[in-house]
Amino acid sequence: MFIELDFQDNGKQSNYQAISTLTQLGYDGVVFSRTIDDLITKNDICTFKELDLKELDQNENSSFKNLSSLTLMKNEKKQFRQYSRLNIKISSKKNIFLLKKMENILKTYDIVAVFPQSTEIFEKCIELPTIDIISFDLSLKYLIKIKYKQVNKAIINGLFFEIRYSSMFKTKQLQARKNTFSNAINVVKYTKGKNLLIASGANDPINLRGTYDVMNMATFFNIPFNQAKNILTANSESVISHGLMRKTYFGVIKIDDKKKIPKELQNSSDEDEDEDKEEIEIEKEEMMIEKN
Amino acid sequence: MVRVKFRYLLGHVRWQTTTKMNSLDISGIYHYLKNSVKLNFGEYAICRLGWTLNVKQYNPLTGLFIVRCSRSQMRQVWLSLTLLDEINSQKCAISIIHSAGTIRSCNLQAIKHTNSSLLVAKSLIQIKNEKEKYQKKKNKKKKTKKKKNKYLPNTLVKKNKSKK
């Protein structure tokens, strides 16, 4: 189950084109993201709605139709999954308390990611319970100073680190491509391949690459062959489950809409009552036979 | 005995705009490939590749092509293909589907890849035909009924008199 972990949300039409290219490339799920600078306010509640893919494929008169859409190719039982995500850039120490205070707003998103801009902020982000991912801006020349002790603490708490490869595809800025390579190797060196993620923070669907291409790229970041496939499949699913735990009070209670339950299970209570009634009738008949 | 072993890579090109690139040739792809290997891995990598780098087939309609390289340099050629951005001042993206030791197995995989896209076109045409049939049936059944005036008694309503 390959999941694309970062794609910017620019409206319905661009999302539909992105999904049509991703099914071509071999992915099974997408996370649509949104970026924020520093301050979190009440207006930042998640307004993401999932696209109904069957209607959009079969509608002739709609403007969304695209002949390269291969969503019909997959089995009908297999669904293309869609999630939502928030990216927060923090550049001042004073705004870290907002991440703890605005819990209820952060719980509306499936995944929350933080971009620390200095080492002091990086130290304080490790112990927060309202966060899933810590990622860096890799196109800069000088990366943050990372230390082994802090990284090991974060892995014990269950946080993930991320590499983004979309900044390599700017041809007129060759310096960005050189910086991403050197910084990504630095990140891999300190994490040793544990709790790593690879994603593309792309705007256009042209900057997306296939699953095996990304695995080949990971070998040039000094990630060994065996871990390269695990990073794309197992770690990406564990991030989503980590997000669920954060939303639902450590997995004890979960509240869902009624529409998500399939129709067969909605009326399950009636079937149990019918079975109990039948048993009672059988028992009555047996009692009557015994009397007679 | 000692044999030189190759790897054949099946690749797929997709463009940003839907304009047809009929002017692209096999020599054009070879030119841009060589430049990207030089950019990313240096001149030493080109000297190691030497004469083994070659583009064998290219289909401009579907966008599939086959590239040959020596076995030890496969991953470097693969990376230089993924990082290829622009061809003829238009943006493009390359994704590699299959890698094999012979051309024949690459061609078999290319057949499978085109079959899957043909199935989608077939199913879309089927849906279109079914909708047209359904609409034709609907239009046949619609007949305008003559409305009876409620406030007139039945005797005043005109009846069709059969001519004897």
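Predicted model: local features only at pLDDT ≥ 70, side-chain atom pairs only at ≥ 80, totals over all residues.
**Stop 1: the whole of chain B**

Start by selecting chain B and colouring it by secondary structure. Followed from the N terminus, the elements of chain B run β-α-α-β-β-α-β-β-α. Of its 164 residues, 31% count as buried. Among contacts in chain B with a separation of 6 or more, 73% join residues 24 or more positions apart.

**Stop 2: the sheet**

Now show just the strands of chain B. They form an open sheet in the order β2-β3-β1-β5-β4, with antiparallel pairing. At the edges are β2 (54-58) and β4 (86-87) of chain B, each of which pairs on one side only.

Pick Ile87(B) and you will find its bridge partner, Gln90(B), in β5(B).

**Stop 3: strand β3**

Next, select residues 64-70 of chain B, which make up strand β3. Is this strand mostly covered or open? It is mostly covered, with 7 of its 7 residues buried.

In a regular strand, side chains alternate between the two faces of the sheet. Show the side chains here and compare the two sides. One side carries Leu64(B), Ile66(B), Arg68(B) and Ser70(B), the other Phe65(B), Val67(B) and Cys69(B), and all are buried.

Then bring in the neighbours of this strand. β1(B) pairs with β3(B) in the antiparallel sense over 7 bridges, and Arg7(B) stands opposite Cys69(B). β2(B) also runs antiparallel to β3(B), joined by 4 bridges; there, Asn54(B) has Arg68(B) as its bridge partner. Between β2(B) and β3(B) the hairpin has 5 residues, and Gly63(B) takes a positive phi near 90 degrees.

**Stop 4: where chain B meets chain A**

Finally, show both chains. In chain B, 28 residues are in contact with 28 residues of chain A. The two chains bury about 2,500 Å² between them, 60% of it on carbon and sulfur atoms.

The most comes from α4(B), with 7 residues. By class, this side of chain B has 14 nonpolar, 7 polar and 7 charged residues.

Terms used
Residues numbered from 1 in each chain as written. Chains lettered and ligands numbered in written order. Heavy atoms only, no water. Pairing = 2+ DSSP bridges. Helix = DSSP H or I, 4+ residues; strand = E, 2+ residues; numbered from the N terminus. Contact = heavy atoms within 4.5 Å. Buried area = accessible area lost by both parts, 1.4 Å probe. Nonpolar A, V, L, I, M, F, W, Y, C, P; charged D, E, K, R; others polar. Buried < 20%, exposed > 50% of the residue type's maximum accessible area, 1.4 Å probe, protein only.
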